[in-house]
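These are my notebook entries on one predicted model. I set down what I looked up, in the order in which I took it.

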Amino acid sequence: MSVLPRISYPPELPVSAARDEIADAIRDHQVVIVAGATGSGKTTQLPKICLELGRESIGHTQPRRIAARTIAERIAEEVGVELGDLVGYQVRFTDKASAATRIKLMTDGILLNELSHDRMLSRYDTIILDEAHERSLTIDFLLGYLKRLLPRRPDLKVIVTSATIDPESFARHFASADGTPAPVLEVSGRTYPVEIRYRPLVAEVDEEGEGREDRDLFDGILAGLDELAGEAPGDVLVFLSGENEIRDAEDAIRARNLPGTEVLPLYGRLSAAEQHRIFDTSRAPGIRRRVVLATNVAETSITVPGIKYVVDGGTARISRYGARSKVQRLPIEPVSQASANQRAGRAGRTSDGIAIRLYSEEDYEKRPAYTDPEILRTGLSAVLLQMLDLDLGDIADFPFLQPPDPRGIRDGRELLRELGALTADGGLSRTGRDLARLPIDPRFGRMVLESKRNGVAREVLAIVAGLSIQDPRERPLEKREQADQSHARFADPTSDFLSLLNLWNHLEQRQKELSSSAFRRLCRAEFLNYLRVREWQDVYRQLERLARRIGIPAGEPKVDPDGIHRSLLSGLLSQIGVLDQRSAASGRDKGRRSAEFVGARGVKFAVFPGSALAKRPPSAVMAAELVETSRLFARTVAAIDVAWAERLAGDLVKRNYAEPHWEAKQGAAVGFETVTLFGVPLVTRRRVQWSRVEPAVAREMLLQHALVDQEWPPHLDRSRDPAFDFERANTRLLRELGELEERTRRRDILSGSEAVLGFFDARIPADVTTVRGFETWWNAARKEAPSLLTLGRTDVLEEDEDVPDVQQFPTTWHTDDQRLSLRYRFEPGAEDDGVTVEVPLPLLLASPRPGSTGWCPGSARSS
DNA sequence: GAGCACTGC
């Protein structure tokens, strides 16, 4: 054992006082939870305690790169050693750890990555998982992995630290075999009291009991500032949802012309210089207070100095994966209680503070305690890929703190299959193994693999690296048009991907010609964030190295737009859209709304207004990303030719689904195949029945598939059967579902579901034996009978609502000639075991939502 | 006609 330097503990830190207690707990238990508020000193002192306990190799993870670096620097300084020696750190592009390193700070992503070549984490005897309450995808995965690893590594100690919110959940997660939870040690923080004042925007009901008067958000902010002007001097931090609100608030405050007040915006896409003004605490003459208008950056990443007051607008944009649209959404939502408290806490860093909440206390009390962890809010393809690569077995058995939605898992698997990452039995294909080696979104990784075939690896690597980072193009508030003009020099009228490549080539060229300080100046003059440009180049170099390792050398520069787009398409099969002629025509009439495209699963989206393609919409596009903000937008798009795309997509689909799964059932083949339908839903995967099967078998099979896949098979309804009483069947179904609503306390079960189900007879004509033939038949059938139900949604429960007590999908179903039974299971711990809904067959219909396009043979509207 | 924040051999 090496000689330890003298270890001392700053006496002013609360954690120092609890040192012995913490040391005892770590010595006596394999897992210890340390809950401590900001300023407790846990982050810097825990590794020192471990060192004193004789732990030889301590891995200490942080969610952010900056934190990993600065904490390592601070510990090294406190212990009095050179950084990189006893204390080191490793983040994405920097490794400052050596053989002598016994305390290694790193991002949690680095630790996750080390698993791929060290499944037992054998180089560590102690792991400190810091800031676990942030519950990133990586943290949740590591928590599950460590739980499984602990019995096989009895010598391994794990310390999980969290803010004071809900440490018990971690303690329960790491309970010993007999159910005893891991010990929780609470360390007090070192913050000052913050007075909470509720100033809701909805004014109280007046004396007559009526005349509710609403103030808008900006009046609320101004009133808050007025109120705080009467308090002791101090800077104010205002939390808002995004750039728009910040700009409007800034206008409102300036219009009021408050004396001695300086207003500073703060959000991610601001230029580095504008962000830096926050840290410059010197003031112009006559300025008495600063008002910082910020997004959530100020809640987690950036600590604004000198804040005494907080005004909390109460909302934020929260990224959520839309299970139905398969698209990432950015809705503005009320923040959780934990988040509101975090925001308020920002007022108590240096002295007593006041936080004004622009909502009522009742509103606060009704909010969820915590923000949903990322694993419940995001696409899971990358996690699934990692798990498959690590051979972790069935994801359903993995000990997640909170298991992800089964639908999300299925979607993630579907995407991996679309990319050709899976074999028939669900394991990783060669493509999948290669994808797992690339630290980027699987879609982007797939583009890189395809680029080799087209000889454009260099170009695709540059584009993909650019798509992976935050956009380096800055748009300062005052000079937005100037910035847009500067960026427009690189615009390719047919492809934002090529625009990105043009910018990349420009930067590479100029960097060669210029000194590093001149290059930095150039970036500033051209409205490019230098740090992000560097990040882009770093990611490129990293990807280039890794791609070479899996047999894809970058190669010489090549001008081949078609080859580039062919490569990109391989990752974007389900991100293609064709121009919706009808909406295009009506858009022209109205003259305002941008043209809409129809994508996979029938989703409609528009090209993002900032795109070079927004002005003149092409007949078809492929998009790197679909994001729903106020509408569904495609960001970073390329114009493509429909025939070209269809042909290529067909080839790719054949390659990606190279090993279709076949199953013989009573003489009929059931295939998993891909149907590309341009003009209708496009590239998607569905099960196609190739030939006639026994009706009973078909019914069971199709029912199951419909329920599992949310895609009702395009078979017949009974709309032309004069004997069938739709009205009665409708009424019956609505009543059944109404009862379900009651029992699950859900009012809106039906509101999201349009036409559900049609009776099927499995009567595909015998001469239909191919996918192409099926499409032809199906399209003709649709023309002939436009009232045929085309798409049945069977996810009767709305996706976005919080339904803690009932699983969102029927877990079992059963059918006979008379009825369909759906069994919904309650989650463990609910009073009841579950609920069954029975629906008569054959069935029907029904959208209770006004304005729905769902055709409904039995509804009042159709008669 | 318009954008929360992070991260990865």
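**Entry 1: helix H9.** I began with helix H9 (residues 243-256), which has 14 residues and spans 20 Å from first to last C-alpha, close to the 20 Å expected at 1.5 Å a residue. The expected span is 1.5 Å times one less than the number of residues. Helices (H or I, at least four residues) and strands (E, at least two) are DSSP runs, numbered from the N terminus.

I then asked which residues of H9 are buried. They are Glu-245, Ile-246, Arg-247, Ala-249, Glu-250 and Ile-253; buried means under 20% relative accessible area with a 1.4 Å probe, protein chains only. An α-helix has 3.6 residues a turn, so residues three or four places apart point the same way. The cover over the buried residues of H9 includes helices H8 (217-229) and H19 (480-488), together with strands S11 (261-266), S12 (289-294) and S14 (315-317). Just after H9, I noted a positive phi of about 55° at Asn-257.

**Entry 2: helix H14.** In H14 (residues 381-389), I found Ser-381, Val-383, Leu-384, Leu-385, Met-387 and Asp-389 buried. These residues pack against helices H6 (137-149), H15 (406-418), H16 (430-436) and H17 (442-454). Asp-391 follows H14 and has a positive phi, near 50°.

**Entry 3: conventions.** Residues are numbered from 1 along each chain as its sequence is written, and chains are lettered from A and ligands numbered from 1 in the order in which they are written. In this predicted model local features need pLDDT of at least 70, side-chain atom pairs count only at pLDDT 80 or more, and totals for chains, interfaces and linings use all residues, while side-chain values use heavy atoms, with hydrogens and water left out.

Entry 4: The end C-alpha atoms of residues 23-183 lie 12 Å apart, and the span is 37% helix and 21% strand.

**Entry 5: second largest cavity.** A search of the whole structure gave four cavities of 30 Å³ or more. A cavity is a set of points on a 1 Å grid over the protein atoms alone where a 1.4 Å probe fits but cannot get out, and lining residues have an atom within 4 Å of a point. I listed its lining as Ser-594, Ala-595, Ala-606, Val-607, Leu-613, Ala-614 and Pro-617.

**Entry 6: whole chain.** Chain A has 28 helices and 29 strands, and 54% of its 863 residues count as buried.

Methods. On a 1 Å grid over the protein atoms alone, a cavity is a set of points where a 1.4 Å probe fits but cannot get out, and a pocket is an open set with protein on both sides within 12 Å along at least five of seven lines; lining residues have an atom within 4 Å of a point. Grid points are joined across faces, edges and corners, and a volume is the space filled by probe spheres set on the points. Buried means under 20% relative accessible area, exposed over 50%, partly exposed in between (1.4 Å probe, protein chains only). Contact means heavy atoms within 4.5 Å.
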